Amino acid sequence: MAAKNPKLHYFQYDKWMNDPNGLIFHNGIYHLYYQCNPNSKYWGNIGWGHATSEDLITWTEQPHALPAKPGAMIFSGSIAAPDDAHSKGSEKASLYAFYTVCDYDPQRLQSDNVLDIQNQRQHLALSDDNGITWNEYRNNPLIDIGSTEFRDPKVQQLADGEWLMLVARSLDHKIDFYYSEDLLSWTLTSTFTQCPFQKGAWECPDLILLCPQENIWCLMLSVDRGFANNGSGVIYMLGNLVDKAFVINTAYMGGNAYVRLDHGPDFFAPQSFFHNGQLSKPLMLGWLNSWLYAKEMPAQSLPMMQSMPRELGLVKVDDQCYLLSQHPALSQAKVSESSTQTVSGLYSQQALFSEIPGTFLWEAEIHNFDQGQLSLSIVDAELSLVTIVIDSDEKTMRISRHTGDFFEAANTDYEAPYLSLTSMMDISILADCHSVEIFVNQGTTVFSLRLSSAMDNVSLLAESTASNSKLQSTLSQFK
Ligand code: FRU
């Protein structure tokens with residue numbers, strides 16, 4: 001039987017799903033909440049759905065966690081798990097969920113399909129049963145500045161015990177930083193405005209400590225449109241946290257003001273979380289989609305998907321300059337078989353692996369790739385679904401995908417420079433029926449894309465004009 005469903009990713013066919021929310025590892029379980037319409041596969045009536053996992057691969061559906069009310073949807077947010085010292089009085093609870101309540105006019109949504117927003121403010125809900133049921137905090141809202149574009153609170157605890165909340169003022173292109181000692185009363189301490197990417201709506205900000213010794217932080221920002229073909233995208237900035245404010249350090253980014261987190265069209269609204277407190281490496285999960293066309297996907301019976309969770313790191317490029325690294329968190333995935341192939345020199349349409357299922361991990365090392373081009377295609381019969389062209393002279397990668405009917409209007413090629421960190425190039429492709437995630441050179445250049453239909457029974461073909469190169473690769477399939 002053809003495998004039509006993703007095997008490694010969390011997905012939904014029957015319920016609408018967008019951003020991941022409230023990601024947390026609590027009492028040995030990973031929790032994924034997500035923007036969800038529990039009654040329909042189409043956008044609207046948004047609250048928080050909930051799923052749990054022990055391995056980040058297999059997910060168990062949980063009851064809808066935070067339902068919308070008439071005229072008030074529950075938008076994105078995050079969860080904090082304070083230790084006892086920080087949860088005081090009658091608010092003692094093991095989990096605190098921070099989210100945006102979005103007041104809107106339901107009539108206009110129904111009659112004109114227009115989201116007429118009246119207010120966005122930050123609320124709190126509390127859970128004492130491991131995140132299954134939630135009670136609204138009696139003194140909500142926590143923060144209301146009378147804005148219609150003020151959303152996506154991301155809360156974390158800092159080393160001194162204080163709590164930090166980032167909230168986007170989306171159309172003002174500002175990120176507000178609030179601090180709190182008790183998670184209940186919040187004080188605005190700084191506003192981040194430094195980023196020159198002034199398009200679209202800024203959404204789902206997140207600040208991640210990547211190097212505690214040198215106080216290096218990464219500020220991630222999702223922007224709903226303004227990238228290739230006016231699609232959605234995510235950028236990050238490296239800098240320092242100084243006096244309760246994030247200060248960009250362009251030297252960390254080789255003089256750039258920001259860096260693309262993912263150069264593909266389909267990675268949005270990522271949120272970071274930790275496996276085991278902030279001593280472990282941060283993990284991150286994003287929505288595998290773009291606002292450019294997401295709302296039309298359910299009509300094509302394409303699933304809503306979250307990305308593979310990714311482990312984050314910081315790679316030193318030179319004395320001052322760093323790049324964020326992303327690696328798919330697959331350590332607990334069960335490999336059913338794997339095989340290895342080596343090809344060298346010049347070749348054309350060379351089949352590396354044939355007739356494989358649509359879920360696989362292809363990991364390659366390319367040696368002596370000092371000139372010319374290498375290209376790799378995922379091919380279904382004669383049809384190339386995804387082609388990756390790596391140009392060693394230009395140090396660029398270009399990805400093209402088969403449009404099918406669905407991507408015809410929105411499609412373009414996706415191109416990015418890559419940085420050679422060593423004399424060997426590495427590239428991994430994680431394919432899961434409806435998606436392809438590509439990680440290059442220690443995960444410092446990444447592309448994520450959705451496909452216009454489920455792939456199955458495909459072949460991997462390679463082509464080389466790089467006469468000295470040697471391509472060694474391993475293909476793993478999963479149970
Ligand atoms: C990002 C976003 C958030 C908002 C949510 C609504 O995709 O637009 O800004 O909270 O989705 O579903």
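**A chat about strands, a pocket and rings**

A: Let's begin with β7 and β8, which pair in the antiparallel sense over 10 bridges. Please keep in mind that this is a predicted model.

Q: Okay! Which residue in β8 is the bridge partner of Leu-95?
A: That is Ser-127, in β8.

Q: And how many bridges are there between β6 and β7?
A: Seven bridges, and β6 and β7 also pair in the antiparallel sense. As an example, Ala-80 has Tyr-96 in β7 as its bridge partner.

Q: Which way do the residues of β7 point?
A: Leu-95, Ala-97, Tyr-99, Val-101 and Asp-103 point one way. Tyr-96, Phe-98, Thr-100, Cys-102 and Tyr-104 point the other way, and all of these residues are buried.

Q: How do the lining residues divide into nonpolar, polar and charged?
A: The lining of the largest pocket has 12 nonpolar residues, seven polar ones and eight charged ones.

Q: I saw some tryptophans there. How many aromatic pairs are there?
A: The count comes to 21 aromatic pairs. One of them is Tyr-10 with Trp-59: the ring centres are 6.0 Å apart and the planes lie at 65°, so the pair is edge-to-face.

Q: Are Tyr-10 and Trp-59 buried or exposed?
A: Tyr-10 is buried, and Trp-59 is buried too.

Q: What about Trp-16 and Trp-291, why is that pair stacked?
A: The ring centres of Trp-16 and Trp-291 are 6.2 Å apart and the planes are at 25°, so the pair counts as stacked. This pair also links distant parts of the chain, with Trp-16 in strand β2 and Trp-291 in the loop between β21 and β22 (304–305), 275 residues apart.

Q: Which class does each of them fall into, buried or partly exposed?
A: Trp-16 has 0% relative accessibility, so Trp-16 is buried. Trp-291 has 26%, so Trp-291 counts as partly exposed.

Q: Which residues form an aromatic cluster?
A: Tyr-33, Trp-48, Tyr-99 and Trp-134 form one.

Q: Back to strands. What is the strand order in the open sheet of four strands?
A: The order is β20-β21-β23-β24, with antiparallel pairing. The edge strands are β20 (268–274) and β24 (322–328), each pairing on one side only. Neighbouring strands of this sheet are turned by 40° against each other on average, direction ignored.

Q: How many bridges join β20 and β21?
A: Five, and strand β21 covers residues 282–287. Phe-274 has Pro-282 in β21 as its bridge partner.

Q: What about the open sheet of six strands, which order does that have?
A: That order is β26-β35-β28-β29-β30-β31, and the pairing is antiparallel. Here the edge strands are β26 (347–356) and β31 (414–417). The twist averages 15° from one strand to the next.

Q: How many bridges join β26 to β35?
A: Five bridges join them, and the two strands run antiparallel. Gln-350 has Ala-462 in β35 as its bridge partner.

Q: Last one: which residue takes a positive phi in the hairpin of β17 and β18?
A: Asp-243, with a phi near 50°, in a hairpin that has two residues between the strands. Strands β17 (residues 233–242) and β18 (residues 245–248) pair in the antiparallel sense over four bridges. Leu-241 has Phe-246 in β18 as its bridge partner.

Methods. Residues are numbered from 1 along each chain as its sequence is written. This is a predicted model: local features need pLDDT of at least 70, side-chain atom pairs count only at pLDDT 80 or more; totals for chains, interfaces and linings use all residues. Side-chain values use heavy atoms; hydrogens and water are left out. Two strands pair if DSSP finds at least two bridges between them. Axes are lines fitted to C-alpha atoms, for helices over the stretch in contact, and angles run from 0 to 180 degrees between N-to-C directions. Ala, Val, Leu, Ile, Met, Phe, Trp, Tyr, Cys and Pro count as nonpolar, Asp, Glu, Lys and Arg as charged, and the others, Gly among them, as polar. Rings of Phe, Tyr and Trp (its six-membered ring) pair if their centres lie within 6.5 Å; planes under 30 degrees apart count as stacked, over 60 as edge-to-face and the rest as tilted. Buried means under 20% relative accessible area, exposed over 50%, partly exposed in between (1.4 Å probe, protein chains only).
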